[in-house]
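Here's a quick look at some ring contacts and a surface patch. Have the viewer open while you read.

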Amino acid sequence: MVAKRLLFIRQVILFTFTAFGGAQAHMALLLKYFVKDLKYISEEDLLELNALAQVLPGPASTQTLVGLAYKVGGLGLSIITFLIWIIPSAALMTFAAVSYARLDHKNQFVEIMRYIQPVALGVVAYGAVNLGKKVLRSQLSFFLAGAAVIATLVLRNAYVFPLAILIGGIISSSIDTPREENELRMRLFSNINRNKLIYYFGVLLFLALLGAIINTTSPFSLPIRLFENFYRNGIFIFGGGQVLVPLMFTEFVQMKHYLNASEFLSGFALQQALPGPTFSFTSYLSALSMKNFGYGFYGQLLGGVIGVLGINLPGVILVLFIVPFWDDLKKVNRIKYSLSGVNAVSVGFIIAAFILLVKPIGLDAMSIIIITLTFFTLNYTKISAPILVIAGIALGYFL
């Protein structure tokens, strides 16, 4: 049994350092490493775990991997797997934030990074178009996506995102779901541990209240508010890393001014060049926010930890809570049909993010060319985003 777990951990390490390309590419690697190579789980069971991750808010790849580890070795192995998966990319993104913070007064660093910002926009555009092709298949889905774009651009409020997701899910569920299955829903929800749900949302409410009470001049204020920001977004993010970008940009750059658009885009582009979870981008955001508000080196390291744990914990906790009764949950059509509305709203968020992100870098001829080339390269070739980001860095270094 110990040998089996050690072999599993070895596969997790291999997966961690080769998992480029986002959730879709991650799923292909999970099938290779854990189903085809070592047969830890059947393909059907892995696909069901991935379906559960798609139903839940949070990082789909992380939830699938943690759920897989839970099936193989229980809670202990799932926690070890989670840490192996998030630590390398989170550490690199924290290091990038510290380096950016220390070098941002030097023109050379900013100059080197200037071409990867339009590359990042091309990646966002590619995400919007591809998710839109899969999701926008009815008048209702187009309406929900358009409404999400307008709400994001007009209201510019962090709570637009969870409210829009909730409303979109309710509308699509109420319109599309068949009327039967009441008995199944009653049995399912009677099995849910209500105390766990109270703790789950209670943490969010407690942190929000604590952040409001503590004076903003207190050294504890910003870390608490940052953790509340990430934990809240971790509860309400459906659609994975591509939806993370508009939420974080609107809240951290547009609303709260924790960092500027150039810093944000540089970090996002760098993250695209790394293996591992897209959600590790939050380590960069949190560490750089701490620097911009006067925290030193160790404060920035704390920020990196706050970012990656805050955004990941809700999704990981949920998947470990729900795995025991997933067999019933996946039969509930009302949950299944709500996803079409949630995904449509997510497309709207990404479109709004592209519009908001274009403004700070401008649309000069070079930016338009790079955005266009990035989009068409990703869409029509097998060249991946990391290669394009590295090319953008090289372009900035040599020109």
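F264 counts as buried because its relative accessibility is 0%, where buried means under 20% relative accessible area (1.4 Å probe, protein chains only). F281 is buried too, with a relative accessible area of 0%. Keep in mind that this is a predicted model: local features need pLDDT of at least 70, side-chain atom pairs count only at pLDDT 80 or more, and totals for chains, interfaces and linings use all residues. Residues are numbered from 1 along each chain as its sequence is written, and side-chain values use heavy atoms, leaving out hydrogens and water.

A search of the whole structure turns up 16 aromatic pairs; rings of Phe, Tyr and Trp (its six-membered ring) pair if their centres lie within 6.5 Å, with planes under 30 degrees apart called stacked, over 60 edge-to-face and the rest tilted. Among them are these:

| Pair | Type | Centre to centre | Angle between planes |
|---|---|---|---|
| F264 and F281 | edge-to-face | 5.1 Å | 80° |
| F281 and Y284 | stacked | 6.1 Å | 15° |

F264 sits in helix α13 (residues 261–272) and F281 in helix α14 (residues 281–292), 17 residues apart, so to speak linking distant parts of the chain; helices are DSSP runs (H or I, at least four residues), numbered from the N terminus. F281 and Y284 both lie in helix α14, 3 residues apart, or about one turn. Y284 counts as buried at 1% relative accessibility.

Elsewhere, F8, F15, Y33, F34, Y40 and W85 form one aromatic cluster. I87 lies in helix α4 (residues 60–103).

Notes:
Helices (H or I, at least four residues) and strands (E, at least two) are DSSP runs, numbered from the N terminus. Buried means under 20% relative accessible area, exposed over 50%, partly exposed in between (1.4 Å probe, protein chains only).
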